[in-house]
Amino acid sequence: MSWSGGSNSGIATCAALAVRKLRTVLRRPTLLVTEPCRSLAHLALRLGPRIPTVRRWRDGLLATWHLPNERSWLERKLFDPVFERWISDTYLREPDPDARERLKTSCMGGLSGVAWAEAYDRRPIDRQARDGDVSFDEAVAVFPTLDRLLPAAAADTVVVQVGASSGREIAYFAERFTGLTFLGTDIDDKIAARAARAHPLANLTFATARAHTLLSDIAVPDSTPLIVFAEGSLQYVQPEHLAVAFEKLAKRGNVRIVLAEPAQEGAASPDRLDGSVWRGNFSYTHDYRYYGERAGLKTIEQRMIRLHFDTASPRHRTVSYFYHGLADRDQRGPSQ
Ligand SMILES: C[S@@+](CC[C@H](N)C(=O)[O-])C[C@H]1O[C@@H](n2cnc3c(N)ncnc32)[C@H](O)[C@@H]1O
């Protein structure tokens, strides 16, 4: 009885579903074409990368992450769905941060990174400009903070930018503080070499380094005071690597870190996250104060700067997370 009753109700459910589908199609006949196309596209995105030739084509397409002009007409149409599928099925499922970093570099490094840097260099730094509803100096609080710190810095201080990209920001300070040594860093040789060509200054060099391997990559003696700054770059660091980066800086001591990074307000303010939340397009909202203090940095200043006051603006919940932390020599303790 229960079997035959189940079967009848199953037939009734299928019939009801079929009638509902038919009604939907009669209301929008274009669905007859778009729905099968969508299903086919999903299938192709799922199965395609299992075929070596398709995978090679996909990887080539992903490498145009910041090179849209390198894409054919068809590739322009396909980039977004292919990228989104790769992010959700491959990138975000990768548990090893080093492997995730390599995947990210296949998009962000090389010529894509160079094109990105060139785009930044085409925008000169204008401290009179506004960023959304606030002044440049409010939005990028790294600038007024370095204005204040650099005149008082010891003569042997090395000022390092993490993720310097174009090099325009570190060059801005190197031009003004000729008595100090400046070092811009980024994730690959091509990006660093381009920045060096674009900003030839006697007291400024560029090197390849990542946030979490910074100290070993740049090999500055521990006795040299460091001021490490970042603007819009630490958002791209893997959460696990950010923890390592802060731990290494705190352990070294003799370091100040100053950063301004975009962050997204969600249910919690970014400075209450005690961790990181994915923002999309390789970017995370990181709680920098949390990582800093957990590593042993002393917080000198920290604030969230709202850039867009209009609550209807899609960017209303994007804030600039400013953090200034200090790792004193004494904080390392006698055994470190
Ligand atoms: C938005 S750009 C920075 C632009 C820069 N503020 C300027 O005005 O030219 C972000 C940079 O972060 C770099 N980046 C990404 N991951 C990184 C990592 N793990 N360590 C250091 N830099 C990284 C990227 O290569 C990129 O050049």
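1. Helix α5 gives the largest share of the shell around the ligand, 3 residues. Helices here are DSSP runs of H or I, at least four residues long, and strands are E runs of at least two, numbered from the N terminus. This is a predicted model: local features need pLDDT of at least 70, side-chain atom pairs count only at pLDDT 80 or more, and totals for chains, interfaces and linings use all residues. Residues are numbered from 1 along each chain as its sequence is written, and side-chain values use heavy atoms, with hydrogens and water left out.

2. The shell holds 21 residues, and the closest are K104, S166, R168, E169 and D186. By class, the shell has 9 nonpolar, 5 polar and 7 charged residues. Nonpolar means Ala, Val, Leu, Ile, Met, Phe, Trp, Tyr, Cys and Pro; charged means Asp, Glu, Lys and Arg; the others, Gly among them, are polar.

3. Which atoms of the ligand face E101 and A211? A polar side-chain atom of E101 lies 2.9 Å from a ligand nitrogen. A polar backbone atom of A211 is 3.0 Å from a nitrogen atom of the ligand. For S233, a side-chain N or O atom is 3.4 Å from a ligand oxygen.

4. On its own, the ligand has 610 Å² of accessible area (Shrake-Rupley, 1.4 Å probe). The protein covers 99% of that area. Elements giving two or more residues to the shell are α5 (97–108), α6 (110–121) and α9 (168–176).

5. The model has 20 aromatic pairs, meaning Phe, Tyr or Trp rings (for Trp, the six-membered ring) with centres within 6.5 Å. Planes under 30 degrees apart count as stacked, over 60 as edge-to-face and the rest as tilted. The Y91 and W278 ring centres are 5.9 Å apart with planes at 45°, so this pair is tilted.

How values were computed: A residue is near a molecule or strand if one of its heavy atoms lies within 4 Å of it. A polar contact is a pair of N or O atoms within 3.5 Å; within protein, one must be able to donate a hydrogen and the other to accept it, and residues adjacent in sequence count only if both atoms are side-chain atoms.
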